[in-house]
Amino acid sequence: MGRHQRAETGGLISFILCACVGAIGMNLYLQYAPAIWQVSQRRFTVCAGIVAACAVVSFCVGYISNSRSMTLKNGWLAPIRRIIETLALSTVYAATTFLSSFALLGAINEMMGTLFVGYMSSVCAAFAGVVGYMTFVQAEMMSAKTLASLLPFFVIAGVSVAGLTTDDPYWYHNNFSQLGDRTTFAATMFNSTLMLAGVCIIIVSYFAVSELLTTERLMRLWHDHTRDDPNRGYDIPHFVTRMTVLAVLLTLSGLAFIGIGAFRYTPHNLMHNICAKGLPFIMLLLFLLLPWLAPRIGKAVMVVSDLVALVCAGFWANMMLGHNTLTNVEALAGLLFLGWFIVFSRQIAAIEADRVTMQLVRHQAQLQLEDNGEGQSDDNAQIDSDVDASTGTGSQTVPMSITANVTAGTSIHAGAHKPSTAMPESRIASDR
């Protein structure tokens, strides 16, 4: 059975187990919870919590089950790093699942009314089963595109739930901060959404910068100044400095989201304003410096980044003239930034896919030379060493004959290995 079939089979098993847990857990809650916990919002919170817990467990099992990092062969660092990555990624799935489930439960309740109470256990089982299936399969087939695509779902779901459940009907006339400037359920939901969005941005940024480092390392190892040079005939100068600046700006943008949600305006107006007003400047720097920070990203993304900056500036000027509201400007800037971040992450995933394709082509060419009995030159030995050092980081399926060599950490000729560079490998990998 191949990798994709194993993932689908495991997903079906996860569906059945999670559905049973959801039905049993919700039934026990409805039977034994006190009356104060039987109100609609608390029932929805518990149901969404059960679904999120199933998602986390299913994701962790799927992500770690086939990992070769969870051993002590290479010391303690590899399994500790893998555990931290698993917990961080499961946080993204937990937040997405909880907020999306809560929003769907609220929408179903609006349609069915009090009749919905009799179906809570069945709905919880269905949600838990579907989520268990999806998270297990995605954990087995994890890629940067999958991770980045999760970001808008729970942000939109969280803000929508907060806006629908708030008891302040005039919050929209001022700014978004008023929606979270209370201690009510809606305000807590809104602030939690912003903080979790910041955490997701930092996690995805970590994987993105790691992939850029891996790609540049391999490009420099393959650099031969010929017409077929995959490095396009040049090395990026000051690459480490550029990656450092990019990582700092992306991390600061995530911290700004966290700060906006963590520091409510009324008790912490100074810190709230620093995070809220500092975020547009970080966005502007990212958009304008992108050609210098990540020159291997497509020029279309750079043009779109400049257009996003111009649109935000135009809406801000329109607001200053009194023709728009601050809430509209904040909503537009936030959505545009999240949209830009998704496009940026998918560009990184595309770079990763192209890198893996080049690695497989070069390795297959080397195997073909060996089959033809033509021997192996010093350059081919270097190619083999490069592939052995990094092929395990791709997001595509690797043929078994190649995977055997790569995972064993050996080349065709034992003397072909050279010391690897200090740049880390990509962390999102099908071969973990």
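How many disulfides does the count come to? Zero, taking a disulfide as a pair of cysteine sulfur atoms within 2.5 Å. This is a predicted model, where local features need pLDDT of at least 70, side-chain atom pairs count only at pLDDT 80 or more, and totals for chains, interfaces and linings use all residues. Residues are numbered from 1 along each chain as its sequence is written, and side-chain values use heavy atoms, with hydrogens and water left out.

Take Cys20. Its closest cysteine sulfur is in Cys18, 9.3 Å away, so the gap is too far for a bond. Cys20 is partly exposed at 42% relative accessibility (buried is under 20% relative accessible area, exposed over 50%, partly exposed in between; 1.4 Å probe, protein chains only). Cys275 is buried at 12%.

Now the rings. The whole structure holds eleven aromatic pairs. Phe, Tyr and Trp rings (for Trp, the six-membered ring) pair if their centres lie within 6.5 Å; planes under 30 degrees apart count as stacked, over 60 as edge-to-face and the rest as tilted. Phe44 and Phe102 have ring centres 6.2 Å apart and planes at 85 degrees, so they are edge-to-face. This pair links distant parts of the chain, 58 residues apart: Phe44 sits in helix 2 (residues 40-65) and Phe102 in helix 3 (residues 77-112). Helices are DSSP runs (H or I, at least four residues), numbered from the N terminus. Phe44 is buried at 4%, and Phe102 is buried at 4%.

Tyr206 and Phe207 make a tilted pair, because their centres are 5.2 Å apart and their planes at 55 degrees. Tyr206 is partly exposed at 37%, whereas Phe207 is buried at 6%.

Definitions and conventions
Helix = DSSP H or I, 4+ residues; strand = E, 2+ residues; numbered from the N terminus.
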